[in-house]
Amino acid sequence: DKYWHKRGSCGLDQRGVSITSTHPLCKDDQPLFGQKVLIAPFGHQPERATEVAESVHSNAGMETIYVDFDKHDELLLINQFLPHLVNRVAGLALAMLDADPKVLDALSTANSRLFYLADWRTLVQGPAISALILRNGFEKPEGEHIAKVIQRAFSLVKRQSRRKNGRLEKT
């Protein structure tokens, strides 16, 4: 976990070892070319490790994105936890409804097609990927907060959609 990584790396950092964390934003079975990778310099002298990380990932054709090491988890909580949570819940609901993906695709409008593509993109991944992302998210107070906000938002949208004027607010 992040705490262990940071605590364990401090000794190396203090001995002059250059440290940079990298996080490819793709599955390990995908080609690296064109994919994004996060580079998060760590410690007092990350320059050399950052140069190596930049070189390795640039030579693989990856798009490098620099993030503050201490903000990595917070950024990915919204960027990965939220979509995996929403898409897994939607996928489970579709399965519980015995919805036929081929029929849904055939009938889809532009909006529903984008929704189903995003959902199916998550669902074709091994469930262990989502499970890990969701488990890590739910272990943090911020992840629990996101889940509660989604529940409140669902209730609010449901309540607002029942208005006679049919208007949704704050969306």
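Here, buried means under 20% relative accessible area, exposed over 50%, and partly exposed in between (1.4 Å probe, protein chains only). This is a predicted model: local features need pLDDT of at least 70, side-chain atom pairs count only at pLDDT 80 or more, and totals for chains, interfaces and linings use all residues. Residues are numbered from 1 along each chain as its sequence is written, and side-chain values use heavy atoms, with hydrogens and water left out.

**Helix 7**

- On one side of helix 7, Pro141, Gln151, Arg152 and Arg159 are exposed; helices (H or I, at least four residues) and strands (E, at least two) are DSSP runs, numbered from the N terminus.
- Gly143, Ile146, Ala147 and Gln160 are the buried residues of this helix.
- Those four sit on the same side of helix 7, because they cover an arc of only 155° around the axis (taken from the directions from the helix axis to the C-beta atoms).
- The buried residues pack against helix 3 (72-96) and helix 6 (127-138), where contact means heavy atoms within 4.5 Å.

- Three strands form an open sheet in the order 1-2-3, with mixed pairing; two strands pair if DSSP finds at least two bridges between them.
- Strand 1 (19-24) and strand 3 (63-66) are the edges, each pairing on one side only.
- Strand 2 (residues 36-42) runs parallel to strand 3 over 4 bridges, and Lys36 has Glu63 in strand 3 as its bridge partner.

**Helix 2 on the sheet**

- Helix 2 (residues 47-59) lies across strand 1, strand 2 and strand 3, at about 25° to strand 1.
- Axes for that angle are lines fitted to C-alpha atoms, for helices over the stretch in contact, and angles run from 0 to 180 degrees between N-to-C directions.
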